[in-house]
Amino acid sequence: MSTPYGRFDDPRREYVVTRPDTPLPWLNYLGQDDLFGLCTNTAGGYTFWRDAKLRRLTRYRYNNAPYDLGGRYVYVRDGETVWNPGWKPTKTPLDGYECRHGLGYTRIAGSKDGVEVELLFFVPPGENAEVWRTTVRNRGEQPKDLTLFSFVEFCFYEALNDMSNFQRTYSIGEVEVEGSAVYHTTEYRERRDHYALFACTREIAGFDTSRDAFVGVHNGLHEADVPLSGTATNSIAHGWNPIGSHQVDLHLDPGASETFAFVLAYVEQGEQPKFERPGVVDKTHGRALLERYRDPGAVDDAFAALQSWWADILSAFQVDCPDEDAQRMANTWNQYQCMVTFNLSRSASFYESGIGRGMGFRDSNQDILGFAHLVPQRARQRILDLAATQLADGTCYHQYQPLTRQGNADIGGDFYDDHLWLVLSTCAYVKETGDTSILREPVGYADTPGSGEDLLHHLETSIAYTLSHLGEHGLPLIGHADWNDCLNLNCFSTEPNESFQTAGDVQGSRAESVMIAGLFLYACCDLAGLYRHLGSRDDAARLDDAYDDMLAAVEEHAWDGDWYLRAFDAAGTPVGSSASEEGQIFIESQGWCVLGGAGRSNGRARRALDSVHERLATEHGIVLHQPAYTRYHPELGEITSYPPGVKENAGIFCHNNTWIHLGWCLLGDGDRAFEYYRSICPSTRSDVETYRAEPYVYAQMIAGRDAATPGEAKNSWLTGTAAWTFVTLAQGILGIKPEYAGLRIDPCIPKDWRSYSVTRRFRGVTYEIRVSNPAGVCSGVRSLTVDGTPVAGNVVPLSGGSDTVVVDVVLGGDLR
Ligand code: GLC
Ligand code: GLC
């Protein structure tokens, strides 16, 4: 979809932003290993190493005016005119502007008065450095004498302290300069053994390291002193605010161009002595790193390495199908977003400040569902890290800090769904890889260090926790909340100064969650399947029994007549019932009960999903519940705190839409599943002025029909929607499902798709899967041929040795 603001360039896997004044800043991410950057279409954002709270390298002021200010700036001085290729901060009108967000890189080109400056920002694979390849071209008729000034503002590493403790921070700033390299060495003299540096690979004419000198105490970045005056001051920061800036003088004849790079790097000293002489930082590692990028060829090679890294990653799943949007999202953007959400969980985006949340327990487990096929080794490590933040009783730290991997109780606990997601992520990983050794990894529990219980023990503890915390209807207690953080049935908060996420006492509460019941059904099934694969029939049978009991409780107590209830509150009153005054039907329990297998034999599954269609579906997606809450209900908590139609109060929370999509896939209605899929797919949207968020990634939330701004998206990028839409499309709709014994082919597509094909790398083998649909059905396989040989059933067995396997599937039968 092309809009006044941009278009997709599919062959290059780029989104091209064609004007800088987008409805909101449109973000991209740099980095894939340890060093990450947020980079908007005007080069705004910041850089951090591993942990956006504890190791922030450059400074960023969230919710600024304008929203996005501060970033990777290059000022161009051409005669008396000062401009930026990314438009900000000077906002000098440009003759040309283009921003290309690609996979792990952003390329911004601006031109004015015959001069074009192109900045390519990226982090080379395996490197703790952000490279800004800078190309300056004289496209005019006259020779040009230009001066460029680079600019970054350093952060004092701990981002919260950096933005709050000025009585200290204004006195601690330190730098050293060597050649073109500005070393940011604040706190290095004491407990840090790491520093940041910012250098230029080309000869410089001057530098600045003091913000006051470069910008001016009374100025904004758009009127910074040094670019306006044209001469760097060679300032050395003592306290206040250290920056890095270089002055680069260029003479370019008509048609000439020059390419060089700025390099922003993070260095840990490791074994290297901290100082080369008293008071002088040892720069051995920094110098070596810079040396690697002095040669322009090295920068290009590093960029080529990044591109081939991505090409290889994405070759794990590629589809060719009749729908352009689905194809582009599946092949590029959705998988890219899965990588980013895997890397960052919900920590650092334009809407997550990087200091509030680290790696979320439930969030990161769900992220693995869309990531396990991309880099299985990293999924494995993440599962073990997450499991290590589980407590011996089965509950979990709701989040942990990525740098320390230690659980953090600041944002609350006792979310009684958390532990169950670990079962889903583990089973997904083992199905993807066949690696059952992970189950025997000694992980231990966070509150009994050194105990070394293995991962399988954690899965059992998770199931046992739910079974030992059932309410009076035999349904799981909800604790502080379930997946819906805002359904706080034990909170009863009347105090505006407390957080809904931590208020209230869950001990002794009666409140039960039907959504957790559905999730438990799913987790039981998954774990029973794993036991069957391991040959442990007794364990599988034990879980089958637990499943049957929970299913009976759901069918007996949780059916409202046309849909499943959402919960029972602390007084035992149903939530999400036709008898409720507001909030009569909720999306999450319909999705999870159906996915857990409820309502399959008695028609309720279809009835529940039909009710969702009748009451919750809108053109922009499916709203969370109806009617929206119009007043605050202390017995329901934060969900009723939001204005009607936004966030958890009847917003379109895209994440949970996917459970309904998958539900329709289970029931075999591919037309409905795909219509819904398209309704929240960002690439389909032409109403960009309404939608406002990036067209290439999912947002957490789209305002619902009760809102003042229906269709307006918020909280893009870091959302479980990424993983779940990938699961929906890859496994639900296209029907390529990893299983222990092979790949099950179980499509559920729109009837009018006549054919499609998928290339899927699975356990080291590439499967070329070609599906044809001569009868125009949604689902049901008629025949399966593997390398020319017919196979009974619809599971492609694991390859016996060849690297590539060709699978032909014909739909029109009843194999599912
Ligand atoms: C946010 C949280 C997630 C939660 C969801 C619904 O996306 O990250 O953990 O499940 O909101 O409240
Ligand atoms: C708020 C948000 C919710 C999020 C939670 C945790 O409740 O509405 O989406 O999950 O905060 O930070």
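Biologist: Is the crossing of helix 8 and helix 19 left-handed or right-handed?

Modeller: Good place to start, and please keep in mind that we are looking at a predicted model. Helix 8 and helix 19 cross in a left-handed way.

Biologist: How should I read the packing of two helices in general?

Modeller: Two numbers describe a packed pair: the angle between the axes and the distance between them. Here, helix 8 (residues 361–369) and helix 19 (residues 721–733) meet at an angle of about 30°, and their axes are 8 Å apart. Helix 8 is therefore roughly parallel to helix 19, since angles under 35 degrees count as roughly parallel.

Biologist: Which residues make that contact?

Modeller: From helix 8, look for Gln-366, Asp-367 and Leu-369; from helix 19, find Ala-723, Trp-724 and Val-727. Sorted by class, this contact of helix 8 with helix 19 has four nonpolar residues, one polar and one charged.

Biologist: At what angle do helix 8 and helix 9 pack?

Modeller: Helix 8 and helix 9 (residues 376–387) pack at about 155°, with 10 Å between their axes. So helix 8 runs roughly antiparallel to helix 9, the term used for angles over 145 degrees. The crossing of helix 8 and helix 9 is left-handed.

Biologist: Let's move on to pockets. What is the volume of the largest pocket?

Modeller: The largest pocket has a volume of about 1100 Å³. Its lining has 40 residues, and those nearest its centre are Lys-431, Tyr-522, Asp-526, Gln-731 and Lys-737. To find your way around, note that several elements each supply at least two lining residues, among them helix 10 (418–433), helix 12 (514–534) and helix 19. Strand 36 (736–739) is another of these contributors. By class, the lining of the largest pocket divides into 21 nonpolar, six polar and 13 charged residues.

Biologist: Which element gives the most to the lining of the second largest pocket?

Modeller: Our friend helix 8, with three residues. The second largest pocket holds about 680 Å³ of space. It is lined by 33 residues, and Glu-352, Arg-357, Asp-485, Lys-647 and Gln-700 lie nearest its centre. The class counts for the second largest pocket are eight nonpolar, 15 polar and ten charged.

Biologist: How many cavities of 30 Å³ or more does the structure hold?

Modeller: There are four. About 100 Å³ of space lies in the largest cavity. Among the 14 residues lining the largest cavity, Gly-45, Thr-58, Arg-59, Gly-71 and Glu-153 are the closest to its centre. Strand 13 (residues 144–157) gives the most to this lining, with three residues. By class, the lining of the largest cavity has five nonpolar, five polar and four charged residues.

Biologist: Which residues line the second largest cavity?

Modeller: Look for Ser-349, Tyr-351, Glu-352, Gln-700, Asn-715, Ser-716 and Leu-718. This second largest cavity contains about 40 Å³ of space, and its lining has two nonpolar, four polar and one charged residues.

Technical notes: Residues are numbered from 1 along each chain as its sequence is written. Chains are lettered from A and ligands numbered from 1 in the order in which they are written. This is a predicted model: local features need pLDDT of at least 70, side-chain atom pairs count only at pLDDT 80 or more; totals for chains, interfaces and linings use all residues. Side-chain values use heavy atoms; hydrogens and water are left out. Axes are lines fitted to C-alpha atoms, for helices over the stretch in contact, and angles run from 0 to 180 degrees between N-to-C directions. Helices (H or I, at least four residues) and strands (E, at least two) are DSSP runs, numbered from the N terminus. Angles under 35 degrees count as roughly parallel, over 145 as roughly antiparallel, 65 to 115 as roughly perpendicular and the rest as oblique. A crossing is left-handed if the near helix is turned anticlockwise from the far one by less than a right angle, and right-handed if clockwise. Contact means heavy atoms within 4.5 Å. Ala, Val, Leu, Ile, Met, Phe, Trp, Tyr, Cys and Pro count as nonpolar, Asp, Glu, Lys and Arg as charged, and the others, Gly among them, as polar. On a 1 Å grid over the protein atoms alone, a cavity is a set of points where a 1.4 Å probe fits but cannot get out, and a pocket is an open set with protein on both sides within 12 Å along at least five of seven lines; lining residues have an atom within 4 Å of a point. Grid points are joined across faces, edges and corners, and a volume is the space filled by probe spheres set on the points.
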